[in-house]
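Reader: I am new to reading structures. Can we go through this one step by step?

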Amino acid sequence: MKRRLTPNELAPAIRRGERRALAKGISLVESSRAQDRADAHRLLDMLRGDGGKARRIGVSGVPGVGKSTFIDVFGISVIEKGGKVAVLSIDPSSERTGGSILGDKTRMPVLARHENAFIRPTPSGGALGGVARTTRESMLLCEAAGYDTIIIETVGVGQSEVAAARMVDCFLLLCLANAGDELQGIKRGIMEVIDIVIINKVDDPKDPAARRARQQLLTALHMLQANSDEWTVPVLLCSALRRQGLDAVHEQLDNFFAQARRGLIDARRRVQATQWFNDLLKTEILEVLLEDAGLQAQWQTREQAVREGVISPHAAVEAIVEELREKLNRH
Ligand code: GDP
């Protein structure tokens with residue numbers, strides 16, 4: 001059996017940018033075994049000072065919009081400018097559709113082969129809160145390993161986008177020109193966290209439909225952002241397939257990071273750190289509580305009763321909480 005590497009051995013190897021060590025470190029933070037969790041905490045503590053220097057960019061959009069094609073060419077263009085790119089993909093559906101590890105290698109074929117790129121799907125096991133935890137922790141490890149651009153890709157739509165937006169500095173939305181009034185089902189909550197919109201598959205930049213879509217999006221965004229003078233969300237036209245429009249993406253990102261000024265990013269990161277703390281604490285408290293076999297049994301029995309319609313969800317929760325209170329008071 002291969003010897004486990006201790007956090008003391010992993011930390012310097014990750015700092016040196018060794019990919020195998022980084023991959024092992026990420027496996028450690030993904031593990032739910034108690035010993036691994038303890039090691040992961042030590043590793044993260046050792047590397048915490050090395051994190052936080054990268055540009056954290058979220059990329060989102062409905063399946064088929066061209067996210068992988070875009071990240072593949074965009075990632076290479078970052079590397080051509082001297083950067084190092086790590087891509088972490090959150091795919092809540094990968095559990096159902098089978099592992100996405102192989103998929104990611106073929107989805108971004110050029111980037112996946114590049115020595116200055118690191119691509120890794122974030123496992124979807126468990127609740128979204130768990131995915132957010134491992135993604136955040138993996139991101140810190142990538143930063144410690146010297147990746148200066150971290151792309152968090154959300155493959156699913158909806159909840160995972162919001163989770164991703166809560167861990168990045170700049171959130172990019174890819175959409176299509178034929179989005180229509182519905183904006184492809186993009187909900188208000190999501191529009192509000194977007195920093196840059198990219199209309200992809202505009203192979204001909206003069207395409208009138210694309211220009212119309214751009215105007216519609218600008219109007220919609222303008223209405224949402226009437227009170228925000230911090231950053232005006234640009235809407236860019238791009239063809240990932242033809243590598244067109246990438247310069248404008250870089251320009252706007254540079255603008256964002258220069259003008260979003262350390263102030264805005266620091267503020268975002270502080271809010272995110274607070275959210276992270278709260279998420280983590282809730283998850284851990286629940287885990288500690290569930291170490292109690294009695295509570296677990298209660299949970300299952302009541303769930304069954306709710307399923308059978310014997311008891312209302314509200315009454316079932318109340319019964320469990322009542323018992324929990326009594327137990328806590330006894331201590
Ligand atoms: P994802 O599901 O969002 O990751 O989308 P993919 O990157 O897999 O792209 C879906 C399909 O759209 C693929 O067949 C791509 O080749 C194609 N595609 C991606 N970008 C463009 C583009 O800019 N122009 C055109 N014509 N096709 C594109």
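Author: Start with a term. Buried means under 20% relative accessible area, exposed means over 50%, and partly exposed lies in between (1.4 Å probe, protein chains only). This is a predicted model: local features need pLDDT of at least 70, side-chain atom pairs count only at pLDDT 80 or more, and totals for chains, interfaces and linings use all residues. Residues are numbered from 1 along each chain as its sequence is written, and side-chain values use heavy atoms, with hydrogens and water left out.

Reader: What percentage of the residues in the protein is buried?

Author: The protein has 331 residues. Apply the cut-off of under 20% relative accessible area. The buried share is 44%.

Reader: How many residues surround the ligand?

Author: A residue counts as near a molecule if one of its heavy atoms lies within 4 Å of it. The closest are Gly64, Lys67, Ser68, Thr69 and Asp203.

Reader: Which helix gives the largest share of the shell around the ligand?

Author: Helices are DSSP runs (H or I, at least four residues), numbered from the N terminus. One of them, covering residues 67-80, supplies 3 residues of the shell. That is helix H4.

Reader: How far is an oxygen atom of the ligand from a polar backbone atom of Lys67?

Author: Gly66 has a backbone N or O atom 3.0 Å from a ligand oxygen. In Ser239, a side-chain N or O atom lies 3.3 Å from a ligand oxygen. For the Lys67 backbone, the distance is 2.8 Å.

How values were computed. Polar contact = N/O pair within 3.5 Å; in protein donor to acceptor, adjacent residues only side chain to side chain. Helix = DSSP H or I, 4+ residues; strand = E, 2+ residues; numbered from the N terminus.
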